[in-house]
Amino acid sequence: MEFSDLIRTGRAQAKLLRGPEAPPLRGTLCLTGHHLLLSPGPQATSELWLLLLRSVDSIEKRVASDSGTITLRCKDLRVLQLEIEGVEASLDIARSIEALSSLESVITSFPFFYRPKGLRLGDAWHFHPPERYYKRVARETNAWRLSEVNEDFSVCPSYPRAVIVPRSVDDGALARSARFRQGGRFPVLSYHHAPSGTVLVRSSQPLTGPQKRRCAEDEELLRAVLLGARPGARGFIVDTRSSQAAKQARMTGGGTEAKAAYPGWKRLHRPLERGQPLQESFVRLVEACGDLQQSTDSWLRRLEGCCWLAHVKEALSTACLAAQGMEREGACILVHGAEGTDSTLLVTSLAQLILDPLSRTMAGFQELVEREWIQAGHPFQLRCAHSAFSHARSKHEAPTFLLFLDCVWQLGRQFPLSLEFGEGLLLALFEHAYASPFGTFLCNSEKERCLCEVRTRTHSLWSGLNQPKERRKLRNPLYAPNPLAIWPSVELQSLRLWQGLFLRWIRPPEPSEVAWEKVWQIVTDKEKTKLSQPTVSASEPQL
Amino acid sequence: MEHIRTTKVEQVKLLDRFSTSNKSLTGTLYLTATHLLFIDSHQKETWILHHHIALVEKLALTTSGCPLVIQCKNFRIVHFIVPRERDCHDIYNSLLQLSKQAKYEDLYAFSYNPKQNDSERLRGWQLIDLAEEYKRMGVPNSNWQLSDANREYKICETYPRELYVPRIASKPIIVGSSKFRSKGRFPVLSYYHEHKEAAICRCSQPLSGFSARCLEDEHLLQAISKANPVNRYMYVMDTRPKLNAMANRAAGKGYENEDNYSNIRFQFVGIENIHVMRSSLQKLLEVNGTKGLSVSDFYSGLESSGWLRHIKAVMDAAIFLAKAITVESASVLVHCSDGWDRTSQVCSLGSLLLDSYYRTIKGFMVLIEKDWISFGHKFSERCGHLDGDPKEVSPVFTQFLECVWHLTEQFPQAFEFNEAFLLQIHEHIHSCQFGNFLGNCQKEREELKFWRNMYHQFDRTLHPRQSVFNIITNMNEQNKQLEKDIKDLESKIKQCKNKPTDGILTKELIHSVHPESPTLKTSLCFKEQTLLPVNHALRTIEGSNPADNRYSEYAEEFSKSEPGVVSLEYGVARMTC
């Protein structure tokens, strides 16, 4: 199939409206396989305007007598309006955009064609694999080893090739334990908390089923986790479903760990919203934010009705529970829900952010996202196929990753000096997770990425973000390394709507950006004066 | 002092209202003539000014002691547990007496002595000169003049002595108009926009009833609109809801009839009265003070308190006012019922939007002095300084401060001052520590998306915050200091380069500098001194500042891990972290 088959009209005269703040743009509209371009014509000085078609979430067309209006709602929550001359042309363009923005095939997507200047293919792809994290764990403890039991993805299709497991459990036992867990996701190490010697482990639900089956290797594996921490250590299993839902899962072959079969482990249920309801919450919140003609009361009512902040609160407090269990109780924590690819990752990654100062650095956070989300098999392609505006809803979409970013933003707001990255990085990750010229968020698992040769044929987002020119946008100028755990407040009084994301295109950004620029200036001034200081102090001993 | 029976109680516990683990600090409670002081085992001091106390409650006796809850006007709530009931009772009674004074002379301001001599004290009072301020605005000029009509407070007791009115309004017109206005508060100038030649004027409601007219009042309004050469019509903003204004007509008051006044455009804005605002704040504080709320409880509570709706109404009115002046160059007359609550809010906020001077520290003080203090906002009654009618208490000024805070959030670079300044002002309208906010008007004186940091500034478990502001200020000061040092050093080096003949080698240069330039050495030492504390602050920003001191607290909370374990085991772990 060629893109040209889908492009009915390649160009037309159009006017682009970009919300109440930006001035309208006039020029020639061009449609290519991956982009929508607006060239302002020779007399104008402003630059070419470009939109990745993949980021169009929904499209709405209206026609008048001799022109048409297309409303494009983007996945990054922007709303654009195109006024196109000619009814026929506008309908054709609308249909072409519709077809091109919803292409299913991965290998014809833009990342496979994107070749920016200054980046080399394959540059940052070996940046953060689990092997790298294992090196750190190996320095801290001897109880864990790197297993390549999943080398060909046959044991668990959604895990990476290498996983970190207890040293005392051999590969055969791992494979048998995998058969007892949904999707083969047997318990693997997520984070080793060196100060207390405890670990955070994640998996999917055990397949106990209605007969309450057991698996000796799985039990052995969890026993080995406790023994590896320290003799007599306790463990908590944080199940991200309600106990009701967990019991019901037995009917479909799933279930939870039986108390008797896993001595030393205690089960806690902390239900987290997932899937459809989470997506609906997101949709309702975006709707409420987009409605500018409402009273204070109805705004508050809608904010309450969409429950988004309740989800933020639940996610953060479950992560705090896991972190508290490790740091304060000295217990090992196993987190799982049903599939172990959504709320499980939310909890494990947030708990690490709370406990681990390294994951709060720029490189550490990127590594965390790569390890705990991308490599750990969060199905980005399914979850982020559509954002809040699309009418075509499949049941796989859910803004779990966005919820994670929101929780990180809340942490950053409560501890403005403790994160090395700023809001800019979180916004960039949100954008790129939904539509990106980079290959990092493509596909649903490491296995699929290998099949599509993503690593060799696309650029990594991390190399794009780590270019020096992005620094000011992404970094937090006020960062001061903080070796302590950061315990956020999860009372509703302390949680806030993430205006920078949800109101990003609605309210004028200038004043806060100017203030941010000023902070940068003060900080760089400080660095400058600091640099000049050694020359002064160097002369001091000579005095 | 006669009210104080017990001055010191030991082994008192201070509870944290947002902590779920019933964590408490144990320490000693001291009662002084002006403050209640609690010193915990870490020697951390909590000072509570008696004037800040809004409510003292003694709860039912428990096994651990007698609980004493103190609610403060600056939204601090402290929960003590006093081991012996008799001590608790003594303190309770003393606080009841001390927190409500009957006479101005008993207020803290009259005993507060900050080691100033009389001239310094006088200078403090002369810091803000309103005549100077009107000169800055550009009055008097060809259209506006200073009127001496109220020199002896004869026409209006609650207005200041100096009032600016249109030049063509004669004294009989002013006197006539004042008789037609509630409490004699006739239309006068509040702010003059020199560039647009338009004015903000303020007054109280007219005594129009159902049909009464007053020619002098009509003349005065006409004079105001004539004083504006650009635009002949003027806006009259009644900041009350229409229904309230209509109801006032039955009492012989009311609002301007558009038919009787030429060239006016009449407009209601709908800000609710002081009683609505008081109960709204009450509801807001109830919602804020509850721990472990669900999302729906929190937001429906927030919504039903109506607080944000009221804030928005005030902002909307100020925006309307500012637009009328900047877009249409029209003068605006603002009034409510008596013209000292809503009118002050709208006039001052409108001026703040129009004039960047009011967004500086000095300018903001001038604005408060002009629109609130001199025009007779009843601070003493609204803040409950003295034991008086509780129905007169209302958070009108608090709302104004919150509106300003919202503006600082939206325009972070437009203001010279920050949240701390606003909080400080809020603190002092209640503290009675300084004389500025005492009394209800100038004559008598010849004797806050809702603002969480104010409503929660004392709840340390709820606001684990590192202070961005402190660190930026530190950096900025450090930068300035370093730059100054560099300049000093550079100039020294230049000087020295000229002196020695072989000034090429830096080593020798500095050797030669040293003995004869003590200034260089002192400046270096000075630099080290200033650097050290700043760096120290940078490193320990979370631990060093008691307000941010959270981690050590948490360590205590978790190390007493009993509740944590129990809750973990039952799977219902509720956490404050």
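Begin this tour of a predicted model by selecting Asp92(A), a residue that is buried, with a relative accessible area of 13%. Because Arg95(A) and Asp92(A) are three residues apart in helix α2 of chain A, about one helical turn separates them; Arg95(A), at 33% relative accessibility, counts as partly exposed.

Next, show the whole of helix α2, residues 87-101 of chain A, which lies across β1, β2, β3, β5, β6 and β7 of chain A and runs at about 165° to β5(A). Now bring up the sheet itself, an open one in which seven antiparallel strands of chain A follow the order β4-β3-β2-β1-β7-β6-β5. The edges are held by β4 (49-52) and β5 (56-63) of chain A, and each has a single partner strand, so one side of each is left without a neighbour in the sheet. From one strand to the next, the twist averages 30°.

Within the sheet, select residues 67-74 and 79-85 of chain A, which are strands β6 and β7, running antiparallel and joined by seven bridges; here Arg73(A) stands opposite Val79(A). Then pick Asp76(A) and Arg78(A), which form a salt bridge with closest N and O atoms 3.1 Å apart; Asp76(A) counts as buried, at 7% relative accessibility.

Finally, move to chain B and select Arg136(B) with Asp355(B), a salt-bridged pair whose closest N and O atoms are 2.8 Å apart. This pair links distant parts of the chain, 219 residues apart, with Arg136(B) in helix α3 and Asp355(B) in the loop between α10 and α11 of chain B.

Notes:
Residues are numbered from 1 along each chain as its sequence is written. Chains are lettered from A and ligands numbered from 1 in the order in which they are written. This is a predicted model: local features need pLDDT of at least 70, side-chain atom pairs count only at pLDDT 80 or more; totals for chains, interfaces and linings use all residues. Side-chain values use heavy atoms; hydrogens and water are left out. Two strands pair if DSSP finds at least two bridges between them. Helices (H or I, at least four residues) and strands (E, at least two) are DSSP runs, numbered from the N terminus. Axes are lines fitted to C-alpha atoms, for helices over the stretch in contact, and angles run from 0 to 180 degrees between N-to-C directions. Contact means heavy atoms within 4.5 Å. A salt bridge is a side-chain nitrogen of Lys or Arg within 4 Å of a carboxyl oxygen of Asp or Glu. Buried means under 20% relative accessible area, exposed over 50%, partly exposed in between (1.4 Å probe, protein chains only).
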